[in-house]
Amino acid sequence: SLSIADSVSSIGHYAFTGCTSLTSVTLPNSLTAINADLFAGCTSLTDVTIPNSVTSIAFQAFYGCSSLESITIPGSVTSIGSGAFFDCSSLTRVTILPGSLAELGDSAFSGCAALSSITLPDSLTGIGAYAFYNCASLTEVTIPEGVTSIGTQAFLGCTSLRSLTIRGNITSAGYRAFYGCTSLETVTIEE
């Protein structure tokens, strides 16, 4: 278990990478960014508390945290970097609180095979390439009206995806954006 004092405002890249026995992390209210690969490969990590002070979750911050089951992302976060939760194979639920999130980076949740529920906030403007690649347990997705682009293969291999709602304004959908969504039964495009 790791609890970091509120006097800490920055934690360097890779600081806890590969700490395979680390199970729980409470980050300080003074922290503004979760830096690249900060907890990558922390395979026993099950519980993370992200404070409202955090504005960005960087490249591969939680890459390969294979025991992490759920995460709540505060409304203060404006960007989730490429591969931030890549291969978090036990992650079943992601709660993104309403607020400022504009960009979901490439491969942000790629390989999260157990992910069954995610609510995308209205502030979102773009979904990166491979963002939900092979999220085979995801059953429904609503793309908020602020989203204008969906990246290449963003939902490729989401084999349990049954329902897709697009709330207008999509100007580009990348190559094979929904390829291999073999269970998709309903697509609703709202204007």
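This is a predicted model: local features need pLDDT of at least 70, side-chain atom pairs count only at pLDDT 80 or more; totals for chains, interfaces and linings use all residues.
Residues are numbered from 1 along each chain as its sequence is written. Local features need pLDDT of at least 70, side-chain atom pairs count only at pLDDT 80 or more, totals for chains, interfaces and linings use all residues, and side-chain values use heavy atoms, with hydrogens and water left out.

We may begin with the strands (DSSP runs of E, at least two residues, numbered from the N terminus). Three of them form an open sheet in the order β6-β8-β10, with parallel pairing; strands pair if DSSP finds at least two bridges between them. Because β6 (70-73) and β10 (117-119) stand at the edges with a single partner strand each, one side of each is left without a neighbour in the sheet. From one strand to the next, the twist averages 10 degrees, with axes taken as lines fitted to C-alpha atoms and angles running from 0 to 180 degrees between N-to-C directions. Three bridges join β8 (residues 93-96) to β10 in the parallel sense, and Val 94 stands opposite Ile 118 of β10.

Parallel pairing is also found between β12 and β14, here over four bridges. Glu 140 has Ser 163 in β14 as its bridge partner. The covered face of β12 carries Val 141 and Ile 143, while Glu 140 and Thr 142 lie on the uncovered one. In a regular strand the side chains alternate between the two faces of the sheet.

Next comes the nonpolar core (buried Ala, Val, Leu, Ile, Met, Phe, Trp, Tyr and Cys residues joined through side-chain atoms within 4.5 Å; buried means under 20% relative accessible area, exposed over 50%, partly exposed in between, with a 1.4 Å probe and protein chains only). The largest such core has 57 residues, of which Phe 39, Ile 57, Phe 62, Phe 85, Phe 109, Phe 132 and Phe 155 touch the most other members. At least two residues of this core come from each of β6, β8, β12 (140-143) and β14 (163-166). Beyond its neighbours within four places in sequence, Phe 155 is in contact with residues including Phe 132, Val 141, Ile 143 and Phe 178, contact meaning heavy atoms within 4.5 Å.

Finally, the whole structure holds one salt bridge, defined as a side-chain nitrogen of Lys or Arg within 4 Å of a carboxyl oxygen of Asp or Glu. Its partners are Arg 167 and Glu 190, with the closest N and O atoms 3.1 Å apart. Arg 167 lies in the loop between β14 and β15 (172-173) and Glu 190 in the segment after β16 (186-189), so the pair ties together parts 23 residues apart in sequence. Arg 167 counts as partly exposed at 38% relative accessibility, as does Glu 190 at 32%.
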